[in-house]
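Have it open while you read.

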Amino acid sequence: MASSVSGICSSSPSLKPKATPAAVAKPSASGRRETVSFPSGARPAADRKLSLSLARSVAREISAELGGNDGVAKKEKRGLEKDSRSLWSRYVDWLYQHKELGLFIDVSRMGFTDEFVAEMEPRFQAAFKAMEELENGAIANPDEGRMVGHYWLRKAELAPTRFLKAQIESTLDAVCNFAADVVSGKIKPPPTSPVDRFTQILSVGIGGSALGPQFVAEALAPDNPPLKIRFIDNTDRAGIDHQIAQLGPELASTLVIVISKSGGTPETRNGLLEVQKAFREAGLEFAKQVLVNPIRNN
Ligand SMILES: O=P(O)(O)OC[C@H]1O[C@H](O)[C@H](O)[C@@H](O)[C@@H]1O
């Protein structure tokens, strides 16, 4: 059985396909609002900053009405708010739109009160401040003394230093050039391969070092990518054997990419050793077909 979800092959049991009930595979559109429109004259919530001081009193009224009831009754009553004028006002006040992203968030049916909003405001402000500090390079991982650079990786000019910006840009260039050279055949498998291009990628890495490439492969790959990708993302022996067996003779034209942020993850090393053994047994030269991500300072 192929272990694939939308074309991704993984040695992880959690990514293996399960029989999906039709109702889950094709969710009903009912109850899912696709678009939001405003009647003429209504005040659109466009461009509103995420402010916590705009709540109207509907939620407070409901909350007061509920005083003294037990939790279950509270939940049921909150769901019972049906006054269409109140709901409309609340909707108009609270609908959030992010124009650039084409994103709407409607929280108007959630049972929060003005008091709750006031109570949460300082915490939200603290969270926004903490986010800003992170984006400016505060140490987020004290154990490793590391900043988190996800924001900068997406937009290098946000990086807090010129050195980091240059590192990000040169690394991205190197990755793109390498990928282009593999796809074009400039970087080839060794002569033991019957074909002169790599046809498969075997990604070895776990946790975040597997989820990232899985996400990219799932979200960005075309329907018929020039190379197929498989993942060894845990130490399940049967899963690893399965991935290698599925490659069959294409092992000779497989590019193995070993990914680890720390460079010291035992499961990833196990995967690497297993794949190395498979290459040896097939009479192939592993070193000619493997790329281990270079880790600075490790
Ligand atoms: O990328 P690495 O350093 O090899 O770490 C891979 C993974 O190792 C462990 O499973 C951690 O819990 C994960 O957070 C991490 O993503």
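1. Leaving aside its neighbours within four places in sequence, which residues is aspartate 181 in contact with (contact means heavy atoms within 4.5 Å)? They are Lys186 and Ile187. Aspartate 181 itself sits in helix α7, residues 162-184, and is partly exposed, with a relative accessible area of 21%.

2. Before going on, a word on the ground rules. This is a predicted model, where local features need pLDDT of at least 70 and side-chain atom pairs count only at pLDDT 80 or more, while totals for chains, interfaces and linings use all residues. Residues are numbered from 1 along each chain as its sequence is written, and side-chain values use heavy atoms, with hydrogens and water left out.

3. Now look at helix α8, residues 208-220, where you'll find glutamine 214. Helices here are DSSP runs of H or I, at least four residues long, numbered from the N terminus.

4. Glutamine 214 counts as buried because its relative accessibility is 7%; the cut-offs are under 20% relative accessible area for buried, over 50% for exposed and partly exposed in between, using a 1.4 Å probe and protein chains only. Ser209, Ala210 and Ala217 of α8 are buried too.

5. On the other side of α8, Gly208, Leu211, Phe215 and Leu220 are exposed.

Definitions and conventions. Helices (H or I, at least four residues) and strands (E, at least two) are DSSP runs, numbered from the N terminus. Contact means heavy atoms within 4.5 Å.
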